[in-house]
Amino acid sequence: MAQSLELLLIQFLMPDNDARRQAEEQIRRLARDPQVVPALVHHLRTAKTPNVRQLAAVLLRKKITSHWPKLPPHAKASLKEALIDSITLDNSHLVRRASANVVSVIAKYAIPAGEWPELLPFLFQCSQSPQEDHREVALILFSSLTETIGTTFQSHLNNLQPILLKCLQDEASSRVRIAALKAVGSFIEYVNDGGDIVKMFRDFVPSILNVSRQCLANGEEDVASIAFEIFDELIESPAPLLGDSVRSIVQFSLEVCANQDLEINIRQQAIQIISWLVKFKASFLKKHKLIVPILQVMCPLLTETANEDEDSDLAADRSAAEVIDTMAMNLPRHVIGPVLEFASVSFHHNNPKYREAAVTSLGVISEGCCEHLKDKLEDCLKIVLEALKDQEQMVRGAASFALGQFAEHLQPEILSHYASVLPCILNALEDPSDEVKEKSYYALAAFCEDMGEDILPYLDPLICRLVMSLQSSPRNLQETCMSAIGSVAAAAEQAFIPYAEKVLEMMKGFMVLTKDEDLCARARATEVVGIVAMAVGRARIEAILPPFIEAAISGFGLDYSELREYTHGFFSNVAEILGDSFTQYLPHVVPLVFSSCNLDDGSAVDIDDADSVDNGFGGVSSDDDVNDEPRVRNISVRTGVLDEKAAATQAIGFFALHTKSAYAPYLEESLKILIRHSAYFHEDLRLQAVISLKHILTAVKAIPPTHADVLEKQKEVLDTVMNIYTKTMTEDDDKEVVAQACMSVSDVVKDCGFAAIEPYITRLAEATLVLLRQESSCQQVESDGEDDGDIDHDEVLMDAVSDLLPAFAKVMGSYFDPIFAKLFDPLMKFAKSPHPPQDKTMVVATLAEVAQEMGAPISAYVDRIMPLVLKEIASSDATNRRNAAFCAGEICKNGGAAALKYYGDILRALHPLFSNSESDDAVRDNAAGAIARMIMVQPQSVPLNQVLPVFIKALPLKEDHEESMTVYSCICNLLLSSHPQILPLVPDVIHVFAQVVVSPDESDEVKTNIGKAVSHLVSVYGQQMQPILSALPPAHANALAAFASKR
């Protein structure tokens, strides 16, 4: 076989394709025989040309897996000896590398079976050889062996470390240094949390940095690239490998980022390391005070101009913006100051690139730093609006982008600036640059959406301008223009009716377009029709909807994911508008929704096969591919399909919610989809599934229980939904998804009542406890490194978690007490330093609502609650004062004797809230509510002669009308009992009552109670009452008389 095989190997290497093909076929046939192994070994030893020896080694690697178990011991020994000789003696680098690959494959089977005990000692010896080639190949083998026997190396790491360190510092050979770098990187995967191992890897970092700096100085950027790959692994490793070396890694990365003489690819890698550190090791950056140094490099990178031949996705300014955005999301309190300083200085620079960078930086931090930016909004807006008038297009474009970001993320505060913002946006729509126009439409869309009635004075000029633009602009501008029209319609609501017909007619023209380049515009038009329909209401829209629905359904045949996504949103809106009348469309639209939900994700896996890539011998395939273990390099997902699936998942919920029992035929399949999507890999889909599951439950509950199996099905669905929610609360790693699960649980608990929820209460309470202790999956932060004491949890999540407690209390009443006892201390920790004011008021609001619903058992907690409440009543934050006043009232109402001793303290604390120094009406209203509760529960404990004049002077309530029933019932009760302290104040009370009965904000129930009290006063004190009533304005007097006459 050896002789014929040699000829075939030579033939395979010929340039003639036919000859190659024939040789490949015959080699494949011969390779099925185990005797091919000694034949290939012979050629590996004796072939004169390196190409033949290399090919022999490649074939050995491909065939050895299936033949190794069948080889006799002498053949195995011969093979091992030949490979060692090849690795150490062959003068061809490629042959040595190919032989090393064979060793790696054999080692996978031979070393665990004890068949090659001399291999590792040989490699250790080689790695310290005076010959460069030997050192290099040993290191290469160390790297490749980790892929097959990585765990075997764990016990040898202590011996390996000094060797690798020495090779990293090898002055004589860059090849050895590169191989050492790769070897270090390959071992990271097998590191455990042992202290010695962690220290060992931390010790590598200085040498890696030294090698990388030397290589960059010598123009060997590919070596530095390997270093960044290692840093990437260090960051992602579950073991705490970074330690204090994070400072030197950041410093090196920043040097590379800032060096414009380097290639963009290596700079991009350095920027990516900073980005990963920000994302996954934020506490390290805080601890080592690295945030400001990072921003001092990243912000100036925004001023760079990319070369024309560079990929725009790799441009330094774009990558820096992404890092700053990530920093703002993860470290907002630390980012806001340096970025504002950079923006204010750079905005006055002569170079337009600096002015562009100034406004870009404000735009990119607006989401993460939104709460901090709201406090500086006036100054930031001044910069952005001025930049919108800059003579340079790039600056105006950045300003319109920043303004759009402000409009999206700085709600509702930015809306109060509409008088200065809207005219600037309207001017920008006239900009000669299409880029500025496009971004300005985006800004307009984001700004107008939540304006409400404030948009009305601008409505006519806005719509006229947008309609005109829609008729004359290119496609890309038409799309953003349509988004703006949708936002204006959403804000204007019924006021949009005069413009609806014109806009819908224009949308109809877009909804029949079928060319590929027009389908994005068709998608936007479909969305706008749904928004306009929601704005103008069912009465105006129902009759004209059918042709739009028809056009939307026909769009599904065009195979355009974004169009299907927007169409699902359109149908969700139509379902909400039509309610049960949407039932007629279910047979047409539900299959479309199911089709999108069941779409293939479009995952693409890229396999790395080193031999076929490196040496061109990929044509020789393996007979035992099943045993090959290629490395998965990349997994990608088509985001368009993801968005489509999310919209379809949302639509399922809307259809179920609005058609209720009529959705019954589709419930089973819908539930299967939602169960699947609740465990989906992407959080957007899980979020929509969590929301839609609640709506499915609503639909199931609406089915009339005509048969026993309906009740059984309802229980089965409730069981499925609650199990998913409970699991999501503790196991999902996304805070928004977990928050939504908590909100859904609160709603389901309140909707279904205690009897239905009782089987789940224990598990729900346990999940709530896990979240309050911040021990759930979504609350885990990096474990390595000490925290600096900052509290950095998600406010939306904790608000949703805290809302669970009142929900449980509402359905359980006093029976909630044993559960509340377990949750109380973990909840109260959020009120302690260093938690921010919003945490403290979250706790106080939760306690107030629990007291309200649980009742008397709250008395056991009064002594632990009241110090916090009294402190919060004096808070500088209006929301905190408001919630604390409400809580004080509920504690007094339900706390019984335990609360009595605090009455004096509470009255003293509340008194300033009734003075002119209190600027917030809602705070004063809640203080009035607290006083009313105290009077109703313990009137003898309240000095009414001092309290009532102040109390009544603060009325009528101006903002928080949820306090109306309590406040006015208190006064009515005092009047009906002819309490001596209220009688001198009757003229003031009647004046207040007269304003209440004409107020559109007050309920008929409140007004009727007032009428009864006035009627009582008239019947008892008729003569004295007449002049008081006559002094009222006629409209007030008549309204009061009308309610007083209702008996």
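User: What does the accessible surface of the chain come to, and what share of it belongs to carbon and sulfur atoms?
Analyst: In this predicted model, the accessible surface comes to about 45,200 Å². Carbon and sulfur atoms hold 50% of that surface.

User: How many residues of the chain count as buried, as a percentage?
Analyst: The chain has 1047 residues, and 56% of them count as buried.

User: Why is Thr966 called buried?
Analyst: The relative accessible area of Thr966 is 16%. Buried means under 20%, so Thr966 is buried.

User: Where does Thr966 lie, and which residues does Thr966 touch?
Analyst: Thr966 is part of helix α49, which covers residues 964–976. Leaving aside residues up to four places away in sequence, Thr966 touches Gly929, Ala932, Arg933 and Met936.

User: Why is Glu408 called partly exposed?
Analyst: Glu408 has a relative accessible area of 43%. Buried means under 20% and exposed means over 50%, with partly exposed in between; therefore Glu408 is partly exposed. Glu408 is found in helix α22, residues 393–409.

User: Which residues form a negative surface patch with Glu408?
Analyst: Glu367, Glu449 and Asp450 form the negative surface patch together with Glu408. Patch residues need over 30% relative accessible area, and Glu408 has 43%, so Glu408 passes that cut-off.

User: How many positive and negative side chains does the chain have?
Analyst: There are 90 positive and 144 negative side chains. The centres of the two sets lie 3 Å apart.

User: What makes up the secondary structure of the chain?
Analyst: The chain has 53 helices and two strands.

Key
Residues numbered from 1 in each chain as written. Predicted model: local features only at pLDDT ≥ 70, side-chain atom pairs only at ≥ 80, totals over all residues. Heavy atoms only, no water. Patch = residues over 30% accessible without salt bridge, like charges linked within 9 Å, V, L, I, M, F, W, Y side chains within 5 Å. Areas by Shrake-Rupley, 256 points an atom, 1.4 Å probe, with all protein chains shown as cover. Salt bridge = Lys/Arg side-chain N within 4 Å of Asp/Glu carboxyl O. Lys, Arg positive; Asp, Glu negative; His and termini not counted. Charge placed at Lys NZ, Arg CZ, Asp CG, Glu CD. Helix = DSSP H or I, 4+ residues; strand = E, 2+ residues; numbered from the N terminus. Buried < 20%, exposed > 50% of the residue type's maximum accessible area, 1.4 Å probe, protein only. Contact = heavy atoms within 4.5 Å.
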